[in-house]
Structure formats: structure tokens, C-alpha cells
Amino acid sequence: MEISRKKLREEVLERVKYVKTCIMARELCLLVRTNRAVLDPKDVQDICLHISSLCKEEGCGEPSDMCRKAA
């Protein structure tokens with residue numbers, strides 16, 4: 001029973017980590033992309049490059065690439 005609980009705990013923590021980094025980064029990047037008209041180009045570049053680097057560190061390739069392209 002304890003082994004199943006530990007395995008499930010690890011899976012939940014991995015999912016939380018993914019949501020905390022990758023999903024949030026995707027949403028933030030989408031927010032920046034949809035509001036580019038009111039942001040300065042430097043704002044967009046700084047925000048998106050930061051999000052991209054965080055995603056890349058966590059192994060989230062798709063959001064990282066999406067935000068890097070937006071920058």
C-alpha cells in the first residue's frame with residue numbers, strides 16, 4: 001500500500017510542477033501575445049524570453065519555443 005501511495009505522490013508532484021511552470025508560462029505568453037499592441041516591444045521581448053528560459057529549464061519545449069518566437 002505504501003509503495004502505491006509514494007508512486008501516486010510522485011506523479012501528483014510532477015503534474016503540479018508541470019502546471020506550475022509550463023501551463024502558467026503558456027497562459028502568460030498568450031496574454032502577452034494578445035496584448036502586444038499596448039506593450040512596448042522591449043516589454044514583450046523581456047517577458048517572453050524570461051518565460052521561455054523558465055520553460056526550457058523545466059523541460060517544457062513547446063511553450064518555450066512558442067514564447068521565444070513571440071519575443
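Me: In which helix is the place of His50?
Reply: His50 sits in helix α2, residues 41-58; a helix here is a DSSP run of H or I with at least four residues, numbered from the N terminus. The model is predicted, so local features need pLDDT of at least 70 and side-chain atom pairs count only at pLDDT 80 or more, while totals for chains, interfaces and linings use all residues. Residues are numbered from 1 along each chain as its sequence is written, and side-chain values use heavy atoms, with hydrogens and water left out.

Me: Why does His50 count as partly exposed?
Reply: Buried means under 20% relative accessible area, exposed over 50%, and partly exposed in between (1.4 Å probe, protein chains only). His50 has 47% relative accessibility and therefore counts as partly exposed.

Me: What makes α1 roughly antiparallel to α2?
Reply: The axes of α1 (residues 2-34) and α2 come within 10 Å and cross at roughly 160 degrees. That angle makes the pair roughly antiparallel, a term for angles over 145 degrees; axes are lines fitted to C-alpha atoms, for helices over the stretch in contact, and angles run from 0 to 180 degrees between N-to-C directions.

Me: What makes the pairing of Lys42 and Asp46 a salt bridge?
Reply: A salt bridge is a side-chain nitrogen of Lys or Arg within 4 Å of a carboxyl oxygen of Asp or Glu. For Lys42 and Asp46 the N to O distance is 3.1 Å. Both residues lie in helix α2, 4 residues apart, about one turn of the helix.

Me: Why is Lys42 called exposed?
Reply: Lys42 has a relative accessible area of 51%, and is therefore exposed.

Note on methods
Helices (H or I, at least four residues) and strands (E, at least two) are DSSP runs, numbered from the N terminus. Angles under 35 degrees count as roughly parallel, over 145 as roughly antiparallel, 65 to 115 as roughly perpendicular and the rest as oblique.
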